[in-house]
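The following note concerns the salt bridges of this entry. Please read it alongside the sequence and the coordinates.

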Amino acid sequence: MRILVQKFGGTSLSSPQAREYVISHIRRELNEDYNLVVVVSAMGRRGEPYATDTLLEWIAQNGDALPAREKDLLLSCGEIISATTLCSLLESNGIASTVLTGAQAGFETNDHYGNARIVDIHPARIIEEFKKHKVVIVTGFQGQTITGDITTLGRGGSDTTATALGAALQAEMVDIYTDVNGVLTADPRIVEDARPISHVSYTEICNMAYQGAKVIHPRAVEIAMQAQIPVRIRSTFSEDEGTLVTNPEGFRDVQSGVVDRLVTGIAYVSNVTQITVDCGDGSSNLQLKVFKSMAENSISVDFINVTTTGAVYTVFDHHSERALSILQQLGFRPKSISGCAKVSIIGGGINGVPGIMAKIVESLSEQHIQILQSADSNTTIWVLVKKEDMVQSLRSLHSTFELNR
Ligand code: ADP
Ligand code: MG
């Protein structure tokens with residue numbers, strides 16, 4: 001049985017013209033004799049009638065006291081509206097289809113409302129519908145606990161629905177349709193000459209996604225990687241094939257130059273605060289105290305450098321006030337710089353290649369941009385800059401590594 005999973009994001013479903021494109025992608029793959037699962041997100045973005053953010057605002061306007069379980073019940077409506085809209089359009093185009101909610105599609109999750117984890121998938125119902133020659137539209141982002149309560153999977157949850165179904169059904173491919181032509185070398189909203197990348201490895205796209213490139217959710221990539229299902233990220237509004245995500249072995253033959261690529265892309269996370277804590281003589285107990293206190297207060301920390309005399313790390317700006325006051329209560333005198341951005345230079349090819357950090361420092365210092373902190377792993381180099389330098393940093397590094405070519 002040839003199975004293909006297609007996922008359409010919010011902007012891909014938000015207007016009649018967009019939905020025409022969606023139907024044409026569905027029709028094309030049906031002509032290729034695929035059994036199709038079509039995963040949909042809620043239509044549109046913040047401010048539009050049935051978008052998830054709009055539903056959240058609606059709750060906020062009405063006291064904001066809705067318990068987490070009931071909030072998930074409401075949030076699950078956005079996908080039901082877009083799925084039934086698409087079903088109606090397909091039927092009027094002579095394409096037989098049916099809608100399954102996350103629960104009906106077999107998604108069993110834990111009861112962590114708002115950010116539930118998939119525990120198991122039982123896709124038998126989908127297979128039954130294939131036998132009736134129907135396109136199976138599945139509402140993304142949803143699951144159900146063992147006790148039958150509706151849950152949602154968190155931000156980017158529909159991406160996870162798509163790759164999890166791809167894995168459970170052993171699909172040939174998962175196509176993630178969005179409003180850009182695939183994974184680009186940088187966020188096109190900031191770097192105008194960002195270019196689509198034809199192939200990336202699961203690891204590279206996962207790193208990019210964790211470092212802020214929101215084109216696909218990193219959890220979705222991890223699931224695809226574990227199951228070794230190829231993923232394609234592509235535009236709803238064109239026939240271009242977009243970006244293919246596989247293991248590096250999967251594209252070595254396809255395009256020889258690719259493995260020689262040094263840097264694949266640049267991503268960023270903004271609105272973070274750098275905190276520096278002096279631990280005096282460097283007693284590790286004090287450093288332990290710092291990180292334990294953050295963990296106990298559910299403040300996630302990132303970009304951690306521990307030195308002999310203290311620690312430097314970042315928290316999100318919206319956590320910084322709380323983090324600083326906790327440290328002060330413990331007797332520390334923390335210093336902080338708020339409004340920073342973490343810029344990540346990502347590439348499977350940078351491992352062990354000398355001179356990359358020198359290139360980064362040169363590129364930024366030519367622009368008079370101060371590096372507040374840096375770190376590296378074998379696939380990523382991170383630099384922390386002030387927020388006002390972020391745009392210039394991204395553009396400068398993008399051209400230094402010739403990503404626009
Ligand atoms: P969808 O609603 O289809 O899930 P998203 O907004 O989640 O769409 O993801 C697509 C957006 O991701 C693009 O419009 C783009 O602005 C943003 N983006 C950020 N970084 C990148 C990148 N490196 N490549 C492509 N898109 C990116
Ligand atoms: Mg998305």
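Is glutamate 129 buried or exposed?

1. Glutamate 129 counts as buried, with a relative accessibility of 5%. (Buried means under 20% relative accessible area, exposed over 50%, and partly exposed in between, with a 1.4 Å probe and protein chains only.) Its salt-bridge partner is lysine 132, with 3.3 Å between the closest N and O atoms; lysine 132 is partly exposed at 49%.

2. This is a predicted model, in which local features need pLDDT of at least 70 and side-chain atom pairs count only at pLDDT 80 or more, while totals for chains, interfaces and linings use all residues. Residues are numbered from 1 along each chain as its sequence is written, and side-chain values use heavy atoms, without hydrogens and water.

3. A salt bridge requires a side-chain nitrogen of Lys or Arg within 4 Å of a carboxyl oxygen of Asp or Glu. The count under this rule is 19.

4. Aspartate 53 and arginine 155 form a salt bridge at 2.8 Å, N to O. Aspartate 53 belongs to helix 2 (residues 52-61) and arginine 155 to the loop between strand 8 (150-152) and helix 6 (157-168), so the pair links parts 102 residues apart in sequence. Helices (H or I, at least four residues) and strands (E, at least two) are DSSP runs, numbered from the N terminus. Aspartate 53 is buried at 16%, whereas arginine 155 is exposed at 56%.

5. Aspartate 302 and lysine 342 meet in a salt bridge of 2.7 Å, N to O. Aspartate 302 lies in strand 14 (residues 302-307) and lysine 342 in strand 16 (residues 335-346), so parts 40 residues apart in sequence are tied together.

Notes
Chains lettered and ligands numbered in written order.
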